[in-house]
Amino acid sequence: METQQTADEVTDLRACLNDLITVLALPAIWSIHEPSQMVSTLLEVLIGMRRLDFAYVRLGDSFGCGAPIEMARLAQPQNVTPQEIGHALTPWLEDGPHPSPILVPNPIGEGQISISTFRLGVQDELGVLVAGSRRGDFAGEVERLLLRVTANQAAIGLQEARLLSEQRRVAEELDQQVAQRTQDLAAANEELKKEIAERKWAEEKLRQDERELRRITDAIPQAIGVLAPDGTVLHANQVALDYTGLTLEDLKTDDFRTRLFHPDDLDKRQHALEHGGPFELELRARRKDGQYRWFLFRYNPLRDDEGRIIRWYATGIDIEDVKQAEERIQNENMALREEIDSASMFEEIVGSSDALRKVLRQVEKVAPVDSTVLILGETGTGKELIARAIHKRSNRSSRAFIRVNCAAIPSSLIASELFGHEKGAFTGALQRRLGRFESASG
């Protein structure tokens, strides 16, 4: 009897060793790390090697499937789903740890059945494995050890599968992000190309407009220039370049003013620019042959929205001929005046007696002298005419001639008439009045 028992134990031990080898070979079978396929293989192995009535596995949602995975294998085909088995076993799967094996109502048939539960994962996070059998010797110590090794092997494989699934998920998300980023970059690149093309078109259109504007300004028979706020030349038309004999680069240098304008006219231009408003100046500009000619320059500022000057537009008209004509006319007028004066020096005085000629010679001598002159004579002899002749020939001929008839002024008003009065100084003084002496001053 003892010999037979020993033989049975040896046979069981050999079977357990064979089952252990099979369990240890499971990672090689799991070549494709899909959790459902791995669980299916595991359940088939358990049913075949340990003569179980059923094997059940529930995997948590840590595998990214959204809902727990439930799978079961039965020794005999029956019309029972894994979800029904899981629902029947829930009280012994979700509560605290239970001793193994546990005698529970049979979820796949009548009566009761012994089950052993094994948590999967270091912190039981992967799921649970349940083995159920109606054998009376289920589950012995060796069998529980074998099932524990099986559960550990399954946990290792499922952990690797979860990591690989997570890696695939991350890789897919990364690929999607890369694809989306590539698409965004491609769209941005197309938009940039479009913007560059539009900018090139706008720049070319601007260059065409600029060339056309330059041709228009070059066709205008006036010197035209565009200046910076400080007066530095930015552009000049062909008329200005041809007149000065300078290039645009020469005009952009700091000393172009001294090379272009007469030294006596430099300060006038600079002061006018600092004033900031539109202005006109007559300046002498140096021609390419070294000769200076008179120009009438008109300067107009261009301001931004804040009122700051950003450009000066200047036009120059050659007025040298006008200047020469004015000078010629002025010289002719002076000659005519001298001729008229010599022909009729005192046109208001008519007479040719020796006495009158003597007086007129005295008038001619005393008129240019800055001195007081006393004229004596009877009433009606022409003292005022002599005074007017002296004034006309004097250095004050451009000023007004102030005459005072003292005999016609009342004695009470003589002071007011000669020295003036302020408003309200006396009755009838409605406003301030200058005296004759003050009016004749200078």
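Predicted model: local features only at pLDDT ≥ 70, side-chain atom pairs only at ≥ 80, totals over all residues.
**The nonpolar cores**

Let's start on the inside. The largest nonpolar core has 28 residues, and Leu46 and Leu120 are the ones that touch the most other members. H3 gives the most, with 8 residues.

Take a look at Leu120 in your viewer. If you skip its neighbours within four places in sequence, Leu120 is in contact with Leu59, Glu125, Leu126, Gly127, Val128, Leu129, Ala151, Ala155 and Leu158.

There is also a second, separate core, made of 24 residues, and Ala240, Leu260, Leu281 and Tyr299 are among them.

**Helix H5**

With 79 residues at 1.5 Å a residue, H5 should span 117 Å, and its end C-alpha atoms lie 113 Å apart, so the two values agree. Which residues of H5 are buried? They are Glu143, Leu146, Leu147, Thr150, Ala151, Gln153, Ala154, Ala155, Gly157, Leu158, Ala161 and Thr217.

**Empty spaces**

Now for the gaps. Rolling a probe the size of a water molecule over the atoms shows where empty space is left. Searching the whole structure this way turns up 2 cavities of 30 Å³ or more.

| Space | Volume | Lining residues | Lining by class |
|---|---|---|---|
| Largest cavity | about 270 Å³ | 21 residues | 16 nonpolar, 4 polar, 1 charged |
| Largest pocket | about 1,300 Å³ | 33 residues | 17 nonpolar, 9 polar, 7 charged |

In the largest cavity, the lining residues nearest the centre are Ala223, Ala240, Leu260, Phe261 and Phe297. Two or more lining residues come from each of strands S6 (223-227), S7 (233-236), S9 (292-303) and S10 (309-318), and from helices H6 (238-244) and H8 (256-260). S6 gives the most, with 4 residues. You have already met Ala240 and Leu260, as both belong to the second core.

For the largest pocket, the lining residues nearest the centre are Val373, Ala387, His391, Phe401 and Ile402. The elements giving two or more residues to this lining are H12 and helix H14 (436-440). H12 has the largest share, 5 residues.

His391 sits in helix H12, which covers residues 383-393. Is His391 buried or exposed? Its relative accessibility is 17%, and the cut-off for buried is under 20%, so His391 counts as buried. Not counting residues up to four places away in sequence, His391 touches Arg396, Ser397, Arg399, Ala400 and Phe401. Phe401 is also one of the residues nearest the centre of the largest pocket.

Asn106 belongs to a loop, the one between strand S3 (102-105) and S4. Asn106 has a relative accessible area of 8%, so it is buried too. What does Asn106 contact, leaving aside its neighbours within four places in sequence? Its partners are Gly111, Gln112, Ile113 and Arg134.

Key: Residues numbered from 1 in each chain as written. Heavy atoms only, no water. Core = buried A, V, L, I, M, F, W, Y, C linked by side-chain atoms within 4.5 Å. Buried < 20%, exposed > 50% of the residue type's maximum accessible area, 1.4 Å probe, protein only. Contact = heavy atoms within 4.5 Å. 1 Å grid on protein atoms, 1.4 Å probe; cavity = no way out; pocket = protein on both sides within 12 Å on 5 of 7 lines; lining within 4 Å. Points joined across faces, edges and corners; volume = space filled by probe spheres on them. Nonpolar A, V, L, I, M, F, W, Y, C, P; charged D, E, K, R; others polar. Expected span 1.5 Å × (residues − 1).
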